[in-house]
Amino acid sequence: MCMLLLLLGISGCSKSFLEQTNPNSVSVDNGYKTEADITTGVYGVYQALRSSNCVGEGAQLWTDDRADDINTTDNQSNNGEPFQFSAFSLVPSNSYLLSHWTALYAPISKANLILSIIDKITFASGATKTQYIAELKFIRAYMYFNLVREFGDVPLVTDRLTSAEQAAALTFREKKENVYTQIIADLKDAVSSNLPVVQPVAAKGRVSLQAANALLGQVYLTMAANLDPTKTTENINNAKTYLLACYNQKTFVNLSDIPFTDVFDVNKKTTNPEIIFQVVYKQGDPSYSSSLAKNNQAKGEAINSQFVSQGAGGLFTKDLLNEFETGDIRTTFSVKYAAATSSYFITKFRDASAAAGTLGYGGNDWILIRYADIILNLAEVYMYLNDNANAIVYLNMVRARAQRPAYATMMADPVYAAKYPTLKLAILHERRIELAFEHHRWNDLTRFFNAADLVAYFKAKNQADFDNSPLSNITTKDVYYPIPYNEYKLDPVKMYQNAGY
């Protein structure tokens with residue numbers, strides 16, 4: 001119910017609240033009368049992405065924690081609820097799960113509201129309005145893409161809801177195929193719009209044509225892996241079309257021209273041509289700064305931040321540590337051993353500037369899409385098209401930037417060849433190292449493997465490399481999260497639970 005009330009623009013979750021009328025409230029229509037009002041509303045949609053319960057920098061629990069990169073080893077704090085994600089013991093009543101579900105619907109609600117009103121507003125330039133519409137449709141599609149990958153069938157709402165009756169009528173899980181159809185429709189509108197190919201420096205963080213093409217390609221790639229197998233080739237070719245469109249919109253020549261460290265340099269975040277779409281954080285601001293550098297800082301260390309940490313910092317699994325290649329510049333930049341804690345910690349996100357200060361108010365933007373990601377997507381696409389030669393070309397682009405030998409050379413190394421005996425596993429390995437800690441890993445695993453193969457992949461790992469997160473718990477049900485109990489109980493038939501929960 002919380003989600004549907006949210007889509008109605010109501011913040012409470014009780015029936016009595018629904019029945020009340022606030023005599024001092026301002027109707028939505030009266031709140032949006034000018035172009036400036038719409039601009040503020042659009043910024044509010046972007047603002048909703050920042051939440052750690054949504055897709056902001058702190059959204060680790062439902063991404064890397066769920067995968068094999070990060071362990072929430074504390075099985076006591078907060079009633080053990082965070083531990084459930086990495087221990088594959090998630091229950092529908094988990095309050096973090098409900099918060100995540102609700103946060104993913106928040107930008108959808110805001111986008112639907114503005115889209116329902118925008119044609120009634122006079123704009124100084126029609127181009128501004130059409131660009132706003134494209135941005136809102138992109139964000140709506142991006143949220144549904146997250147929802148459908150994590151939960152499968154989900155409620156699909158694309159209109160502004162104006163009554164509890166309307167909301168109740170939409171309280172049902174739409175089949176995932178139909179959700180993908182809506183995602184595709186929204187993104188096709190975005191790629192055919194007047195969005196700029198690249199946003200100017202002053203507008204970084206807003207959607208571009210690069211981002212729209214990238215996301216549409218990634219959606220088709222996921223559909224090829226997870227939907228109707230009779231349409232796999234069609235979906236793969238569509239993925240190729242849009243991923244190549246994004247690739248051909250790049251403003252650099254070679255990926256290796258952009259140092260890996262520059263991608264995460266807070267002083268270059270608005271001008272780095274590899275970054276396609278990012279959530280913006282404001283350096284030095286107590287409310288809108290990034291906490292990444294501070295939170296990952298380990299005791300006795302100063303590499304990430306001027307903040308003096310008394311903890312272990314950002315920890316990760318030994319399983320991931322074992323996958324970093326010796327001599328890889330990504331290894332030495334992304335992680336470091338802390339003598340004071342006798343453990344490795346994450347160093348990929350740094351802001352030790354005076355502007356961030358000792359309180360750790362960092363300026364790190366959270367990167368949602370970047371070109372190394374797209375290039376490895378293209379390697380994946382060509383692999384599925386049985387064009388291994390081109391797949392390896394794109395794989396080697398990323399390896400070359402990391403100053404690692406080409407794939408053919410590595411396959412002559414018996415250790416590498418034993419760990420990654422297929423091109424598919426080599427691409428997955430490259431994504432794991434290149435995109436480590438950037439919240440891609442769980443979605444990569446559920447795209448590369450079907451449910452049974454995912455279980456086998458985890459159970460073949462060494463339990464000693466995962467601390468106290470029991471790998472034996474994983475079953476085929478874990479490819480999806482459960483529907484939050486508060487949503488399921490609204491209508492156990494139409495809001496049916498995912499199998500196994």
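**View A. Residue classes around the second largest cavity of the predicted model.** The lining of the second largest cavity divides into 7 nonpolar, 1 polar and 4 charged residues, where Ala, Val, Leu, Ile, Met, Phe, Trp, Tyr, Cys and Pro count as nonpolar, Asp, Glu, Lys and Arg as charged, and the others, Gly among them, as polar. This is a predicted model, in which local features need pLDDT of at least 70 and side-chain atom pairs count only at pLDDT 80 or more, while totals for chains, interfaces and linings use all residues. Residues are numbered from 1 along each chain as its sequence is written, and side-chain values use heavy atoms, with hydrogens and water left out. The lining consists of Val-263, Phe-264, Asp-265, Val-266, Lys-269, Ile-275, Phe-349, Asn-364, Asp-365, Trp-366, Ile-367 and Glu-438, and the space inside is about 100 Å³. A cavity is a set of points, on a 1 Å grid over the protein atoms alone, where a 1.4 Å probe fits but cannot get out, and a lining residue has an atom within 4 Å of a point. Grid points are joined across faces, edges and corners, and the volume is the space filled by probe spheres set on the points.

**View B. The largest cavity and the elements that line it.** Two or more lining residues come from each of α7 (126–151), α10 (209–226), β4 (366–370), α15 (371–384) and α20 (441–448), and α7 contributes the most, with 5 residues. By class, the lining holds 12 nonpolar, 10 polar and 7 charged residues.

View C. The largest pocket holds about 930 Å³, a pocket being an open set of points with protein on both sides within 12 Å along at least five of seven lines. Among its 38 lining residues, Gln-60, Ile-70, Gly-313, Gly-314 and Leu-315 lie nearest the centre, whereas α12 (292–296), α13 (318–321) and β3 (343–346) each supply at least two residues of the lining. The lining divides into 14 nonpolar, 17 polar and 7 charged residues. Leaving aside neighbours within four places in sequence, Asn-295 is in contact with Gly-313 and Gly-314, contact meaning heavy atoms within 4.5 Å. Asn-295 and Phe-349, 54 residues apart in sequence, are separated by 9.9 Å from C-alpha to C-alpha.

**View D. Packing of α15 against helix α19 (residues 423–434)**. The two axes come within 10 Å and cross at roughly 170°, axes being lines fitted to C-alpha atoms, for helices over the stretch in contact, with angles from 0 to 180 degrees between N-to-C directions. α15 and α19 are therefore roughly antiparallel to each other. On the α15 side the contact includes Ala-372, Leu-376 and Met-383, and on the α19 side it includes Leu-423, Ile-427 and Arg-431. Over the contact as a whole, the residues divide into 7 nonpolar, 1 polar and 6 charged.

**View E. Crossing of α20 and helix α21 (residues 451–459)**. These axes come within 8 Å and cross at roughly 120°, so α20 and α21 are oblique to each other; angles under 35 degrees count as roughly parallel, over 145 as roughly antiparallel, 65 to 115 as roughly perpendicular and the rest as oblique. Arg-441, Trp-442, Leu-445 and Thr-446 in α20 meet Leu-454, Tyr-457 and Phe-458 in α21, giving a contact of 5 nonpolar, 1 polar and 1 charged residues.

Conventions: Helix = DSSP H or I, 4+ residues; strand = E, 2+ residues; numbered from the N terminus.
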